[in-house]
2 protein chains.
Amino acid sequence: MHDILFDFISKYISLTEDEKNALLSLDLFRSVKKGTILLKEGQKSQDDYFVLKGCIRKYYIIDGEEKTTAFFTEMEGMTPHCVKNNNKSEYFVSCVEDTILTVANPDMGVELNTKFPKFQLMCGVLSEELLAKQQIDFDDFKTSSPEIRYLNLLQLRPDLIQRVPQHQLASFLGIKPQSLSRLRARILEKSKE
Amino acid sequence: MHDILFDFISKYISLTEDEKNALLSLDLFRSVKKGTILLKEGQKSQDDYFVLKGCIRKYYIIDGEEKTTAFFTEMEGMTPHCVKNNNKSEYFVSCVEDTILTVANPDMGVELNTKFPKFQLMCGVLSEELLAKQQIDFDDFKTSSPEIRYLNLLQLRPDLIQRVPQHQLASFLGIKPQSLSRLRARILEKSKE
DNA sequence: TTCATTTCTTAACTTAAGTGAACGAATTTA
DNA sequence: TAAATTCGTTCACTTAAGTTAAGAAATGAA
């Protein structure tokens, strides 16, 4: 299981055995049950997450309704906004499936970064990379209709459509569950012709 | 004019006179006329932009139609995606107004970063900050209707609504120009009651 | 200034998403 | 296992966005 993390890191920097051990000694790994809430609205947290296996989900509750805005699966990490500015979280993070993840907080970060400066380097590269990806995703979202968004998702992340409940997918696509059902029926109808 | 840049940088790191001079010697400053296209689709570019005065705009041409996805005004910077991966740009960048900006490319970056490592530090912090902001913007977009998006924009960036043509604003809000007109009329109608 | 072009708005019509309700299926939990 | 809850779909109806077209207003160029 640890290998997933090391494989991921090795895309950015190479680690010595010493460094791997230093990482392991931090006791980062957590195994969490489906449905577990990792972060609640209003909560202050310093943790950020990296998914080794499973799926976590970020959602807001607006007017009593859940609005899911992101999913994170294998080899994806999320840094809640509140980590940076020490504010209360505006959203929830919970597990869509039984999930294995690493949980890191800045204290660990500081420790690692002073011992092994290359970690800091990796974080910089990582966040630039994420920023670029995020911008493309946002542009795609803005320039597409819900139907096109769904078809794109079908192409790019077919696994998500299988493993995630429809009503959560719907708000991820910016629509209501009923509209997603209808949209799917419409597409199926078209493909029959 | 240079002060705007230094004011901005001083929010992240403090510069000595030497460092300021090193920056100035790179001849980063450009004054560009309204309508000038800074980056074209299909073009490879290594430049990134920081707006000192004016407004630049990022847009795609999809099925012959312009789709504006972002505006950058005073004290905002943009790094085209193609800078990172050396791909051809998928979008255009042009000036909404006469604009004064700095244009930097990685060669300059390398020079500065080796002379003054703190620049690199700033870039890391900056992109983490941008990433966080970007995520919030994306979440807001996903969880709001076009009308709410417009009202939010009116609150948060009233200047944009004044200085940017309506049809560019429309696609920025994810709708057609006609829908934006109608939506504005609708809001006006409501406020009269 | 005048002419041409672009931009903005309005309108009528079409298409798709939002809403509220109903119902069966799947999943939880007691 | 049985009851309760959650989930996905469908339907009828409402609301809002897309489309096409037309004309007025603003802008830019000759």
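Mentor: The contact draws 20 residues from chain A and 20 residues from chain B; two residues are in contact if their C-beta atoms, placed from the backbone, lie within 7 Å. This is a predicted model, in which local features need pLDDT of at least 70, side-chain atom pairs count only at pLDDT 80 or more, and totals for chains, interfaces and linings use all residues. Residues are numbered from 1 along each chain as its sequence is written, while chains are lettered from A and ligands numbered from 1 in the order in which they are written.

Trainee: Which element gives the largest share of the side of chain A that touches chain B?

Mentor: Helices (H or I, at least four residues) and strands (E, at least two) are DSSP runs, numbered from the N terminus. Here α5(A) gives the largest share, twelve residues.

Trainee: Which residues are closest to DNA strand C?

Mentor: A residue is near a strand if its C-beta atom, placed from the backbone, lies within 6 Å of it. Of the 18 residues that surround DNA strand C, the closest are Pro146(A), Ile175(A), Ser179(A), Pro165(B) and Gln166(B). The largest share of this surface, six residues, belongs to α9(B).

Trainee: How many bridges join β4(A) to β5(A)?

Mentor: Two strands pair if DSSP finds at least two bridges between them. β4(A) and β5(A) run antiparallel and are joined by eight bridges. Tyr59(A) stands opposite Thr68(A) in β5(A). Their hairpin has two residues between the strands, and Asp63(A) there takes a positive phi near 50 degrees.
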